[in-house]
Amino acid sequence: MRTILITGPGGTGRTTVAAATALQAARQGTRTLVLSADRTDTLGAVLGVPTGTEPIEAEPNLTAWRPDAAERFREDLTAFQQRATTALDLLGASRLDAEEVTPLPGAEELALLRALRDAATSETYDLLVVDLPPAPQALALLALPEELRRYLRRLLPPERQAARALRPVLGRLAGVPMPAEWLYETAARWDLELAAVEAVVEDRATTVRLVAEPGPAGSDAVRTATTAFALRGLSVDALVASRVLPGATNDTWLAALAAQQRKALDEWRETYDLHEVPHLGHDPRGTADLAALPVPGVNKTPPPVEWPVVDQLADDGVLVWHIPLLGAIREELDLVRRGDELVVTAGQFRRIVPLPSALRRCTVAGAALREGELRIRFAPDPGLWPRTT
């Protein structure tokens, strides 16, 4: 299934572009689902059809859905209390009733991730259009499955379950039941759910579509977001310039703003697959307005983002790891080797990535940023590198 993740700076018409993209695909015969995590029904206002906790058909081949974070949060907490009954009794804790539970910050994002996973595995749709939060929040959201799985592996290593036979003995020695069994079972279930979400995000048919209003602030936001998505290995398949003003106008103030937009558009056109969406003169409402917006179509699945390791041992005695980081600034880059992992920082964004197996037997020999690509040189460690006879 093709998945398009739509985000950009706040207040730039992301939801409108998401709805217009989904509508265009649906009218071409593609079974499409558009997802949103907004608490307010912005998606429904744009489509002209109220959306809510259950998927609704906005038009033939077009389904809209705004998952209910509160309901899923209550279900999770209730299930947790049931599994942790023994531990909670030992602590003298009182149960929370489902009716008194309100979702914590971030529950909407988690609900969106689960809906993304469920939609991708349902085989009901051919296209999934996701109206993500503004870019900084969207990046944190998409990073969550990978980071939570890493935390789980560090805090509850699966190999620790080998001591399962000793738990009854430990329980008798301590004089209390040991909750390790349900704890590991819960961690394993979470890991499976997170892995399913991570698989959707990392699938080669998943791409990001940025929406921004042309101008200095939009240019800075687009560059930062492009680098951050590249760091996560996600491909930006198009940049949608929203609310573009006509170039010819008698209004001096509008003419100056239009000129500023044209300058940004000319710069974007050199780097991105740019699509201009004109300002309608009013906020789009309903499918007639959405159909008038020339949003980019759903292209074929682009080639996957690759981080290749190039063997230059014969010429330079090193292996070079090529990491595409379009828009990255040299002064904002930082690298730290930690065992078999590499911590890569680009501005305010950071990712911990495992080293390819060949590079784990090497030491870092240097790095350079060239043509939007980070190239890290690794020299074989004589103590670990296979010897040739």
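Rings of Phe, Tyr and Trp (its six-membered ring) form a pair when their centres lie within 6.5 Å; planes under 30 degrees apart are stacked, over 60 edge-to-face, and the rest tilted. This is a predicted model, where local features need pLDDT of at least 70 and side-chain atom pairs pLDDT 80 or more, while totals for chains, interfaces and linings use all residues. Residues are numbered from 1 along each chain as its sequence is written, and side-chain values use heavy atoms, without hydrogens and water.

**Exercise 1.** Find how many aromatic pairs the rule gives, and classify what you find.

*Solution.* Start with the count: one aromatic pair. Next, take the geometry: Trp-307 and Trp-321 are 5.9 Å apart centre to centre, with 65° between the planes, an edge-to-face pair. Finally, check burial (under 20% relative accessible area is buried, over 50% exposed, in between partly exposed; 1.4 Å probe, protein chains only). Trp-307 is buried because its relative accessibility is 19%, and Trp-321 is buried because its value is 3%.

**Exercise 2.** Describe the cover and the partners of strand 2.

*Solution.* Now look for pairing (at least two DSSP bridges between strands). Strand 4 (residues 62-65) runs parallel to strand 2, joined by four bridges, with Leu-62 as the bridge partner of Thr-32. Strand 5 (residues 127-131) also pairs with strand 2 in the parallel sense, over five bridges; there, Val-130 is the bridge partner of Leu-35.

Definitions and conventions
Helices (H or I, at least four residues) and strands (E, at least two) are DSSP runs, numbered from the N terminus.
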